[in-house]
Amino acid sequence: MDERSNKTALSLPLAQEKQQQKGQLEKYTACSKAISLTQEQKTKALATLMRWYNVGNYQQICDPPLAAVSQPKARTIGEITNALGRKAARLILIPLITELSQFCCKRDVMDENMIIACADAIVSSQKDLTIPEVMLFFHRFKSGVFGNIYGAITPLDITSNLHKFRETIFSLREMKEMQDKQKRAKENRDGAVTYEEYLKLSQK
């Protein structure tokens, strides 16, 4: 088997796994709309969210940036908190914050208490943002959009810059909404008939 065949063979299981995760995410979305979930449903839903919203999926979720606000199944932090509990929302964010801290400073990473405090602050103050939108912020943070931060980053570095980044997120949401409107308008135009065509159809 040549190198290209090996790569194809390896990529197929990965693609199937991604598709399976998407399917599980859709099931969670349907469950989250219910008034209440059983503990077993909550545990499964949290496991699904943590598998999907992880550092390995940054490119798929955040590239291009508009993709982060274009996921119809994404729920806000507030919705996740209401459906699964505050601890669940915090557990989703903790690995992402940990990886961000390690990326920015290998030696003086934030300790466990600081990471938990940071996650709690985001859960409390950013209820209207989705996890993909927060991941987009982390992705841009690592890209140097907010400049160089000398020394170890702190929870305040993250929360203060996330607050500023909200304007970018809302601008992306507006851009997505405009694109959707233009798409619907085009579809309506493409599906419209002329008056002459209408007369012909009405005579049949």
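Reply: Buried means under 20% relative accessible area. The model shown here is predicted.

Me: Is phenylalanine 165 buried or exposed?
Reply: The cut-off for buried is under 20% relative accessible area. Phenylalanine 165 has 3% relative accessibility, so the residue counts as buried.

Me: How many aromatic pairs are there?
Reply: Rings pair if their centres lie within 6.5 Å. By this rule the count of aromatic pairs is 6.

Me: What kind of aromatic pair do phenylalanine 137 and phenylalanine 146 form?
Reply: Their centres are 5.3 Å apart, with 55° between the planes. Planes under 30 degrees apart count as stacked and those over 60 as edge-to-face. The pair of phenylalanine 137 and phenylalanine 146 is therefore tilted.

Me: Phenylalanine 137 also pairs with phenylalanine 165; how many residues apart are they?
Reply: This pair is tilted too, at 5.7 Å centre to centre and 50° between the planes. Phenylalanine 137 lies in helix H7 (residues 131–142) and phenylalanine 165 in helix H8 (residues 155–191). The pair links distant parts of the chain, and the separation is 28 residues.

Me: Which residues form one aromatic cluster?
Reply: Phenylalanine 137 pairs with phenylalanine 146 and with phenylalanine 165. The cluster consists of Phe137, Phe138, Phe141, Phe146 and Phe165.

Me: The charged end of lysine 142 sits over the ring of which residue?
Reply: The charged end lies 5.4 Å from the ring centre. The ring belongs to phenylalanine 103.

Definitions and conventions. Residues numbered from 1 in each chain as written. Predicted model: local features only at pLDDT ≥ 70, side-chain atom pairs only at ≥ 80, totals over all residues. Heavy atoms only, no water. Helix = DSSP H or I, 4+ residues; strand = E, 2+ residues; numbered from the N terminus. Buried < 20%, exposed > 50% of the residue type's maximum accessible area, 1.4 Å probe, protein only. Lys NZ or Arg CZ within 6 Å of the ring centre and 35° of its normal.
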